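Hello,

Here is the structure I said I would pass on. My notes on it follow below.

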Amino acid sequence: SSSSSSSSSSSSSWGFLTGSSSSSSPKLRVFEQKVKLFAKKHTKPAERLGLIHNEFLPVLADAEVFTSKASRAGGAHARKARVEVCGALLQLWGELLTTVDDAKWQDRELYFEAIVAVMRRPEFDGTGAFLLYDVGGAGGGPQAAKHRSTTLASVASQYKRMLSRTHQYVMGKLQRKGIYASLLQFCASVVVTNFTVIPRLARLIVK
């Protein structure tokens, strides 16, 4: 199916954000493993639904779930921890958006809830303004500063790309007849979030 190919490609597209195959946080490692299971093309729809309900939504509802000593320390360790979390969240977001239309319409509400929860995670700072986040700190000379800037810029770019992709999905759904309640609520949540995050989209929404 189209979602299978998209899912397999997106599952490998976020690795550059972390710089390694495994994270430093045990909770995040478990989360990443669940996301990989969700992304596998042989994972059944019922299994995906179970992962969303039992694994992802409880984690996404806890703003402090990925907070660690490293993330509280500031500087390079906090920056690395944040980028790792953002990479996992972005991967999940992409997988959810890729597979949502494969689910039964009555099951899609959980997908919508999870997508909105990812969009509003505190790691994304509510604005996606990662270039303002401690890019020049922690020493290491010009090359280290350049690497930090590039990594944070990559996160910001991917976050904004996912916001735009989700907005396009919503606009496509709103043009159809017979939109159901949970989809309408999801569309409203996405539009409100994008309105506050991306000025260009805000101008388009107002028009």
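Subject of the notes: an aromatic cluster

Phe31, Phe38, Phe56, Phe66 and Tyr111 are joined into a cluster by ring pairs. Please keep in mind that this is a predicted model.

In total, the structure contains nine aromatic pairs. Take Phe31 and Phe56: their ring centres are 5.7 Å apart and their planes meet at 70 degrees, so this pair is edge-to-face. An angle over 60 degrees is what puts a pair in that class. Phe31 belongs to helix H3 (residues 26-39) and Phe56 to helix H4 (residues 45-60), and the pair links distant parts of the chain, 25 residues apart. Phe31 and Phe56 are both buried.

Phe56 also pairs with Phe38. Here the ring centres lie 5.8 Å apart with the planes at 70 degrees, so this pair is edge-to-face as well. Because Phe38 lies in helix H3 and Phe56 in helix H4, the pair ties together parts that are 18 residues apart in sequence. Both of these residues, Phe38 and Phe56, are buried.

Where is Arg108 found? Arg108 is in helix H7, which covers residues 108-119. Is Arg108 buried or exposed? Its relative accessible area is 15%, so Arg108 counts as buried; the cut-off for that is under 20%. Leaving out residues up to four places away in sequence, Arg108 touches Val100, Asp101, Ala103 and Tyr180.

Now for the chain as a whole. The chain has 10 helices and zero strands. Read from the N terminus on, its elements run α-α-α-α-α-α-α-α-α-α. Of the 207 residues in the chain, 44% are buried. Among contacts in the chain with a separation of 6 or more, 70% are between residues 24 or more positions apart. The Phe31 and Phe56 pair, with its 25 residues of separation, is one link between distant parts of the chain. As for the surface, the chain exposes about 10,900 Å², and carbon and sulfur atoms supply 56% of that area.

If you open the model, one place to begin is Phe56, which is buried and forms an edge-to-face pair with Phe31 and another with Phe38.

Regards

Methods: Residues are numbered from 1 along each chain as its sequence is written. This is a predicted model: local features need pLDDT of at least 70, side-chain atom pairs count only at pLDDT 80 or more; totals for chains, interfaces and linings use all residues. Side-chain values use heavy atoms; hydrogens and water are left out. Rings of Phe, Tyr and Trp (its six-membered ring) pair if their centres lie within 6.5 Å; planes under 30 degrees apart count as stacked, over 60 as edge-to-face and the rest as tilted. Helices (H or I, at least four residues) and strands (E, at least two) are DSSP runs, numbered from the N terminus. Buried means under 20% relative accessible area, exposed over 50%, partly exposed in between (1.4 Å probe, protein chains only). Contact means heavy atoms within 4.5 Å. Accessible areas come from the Shrake-Rupley method with a 1.4 Å probe; for residues, only the protein chains shown count as cover.
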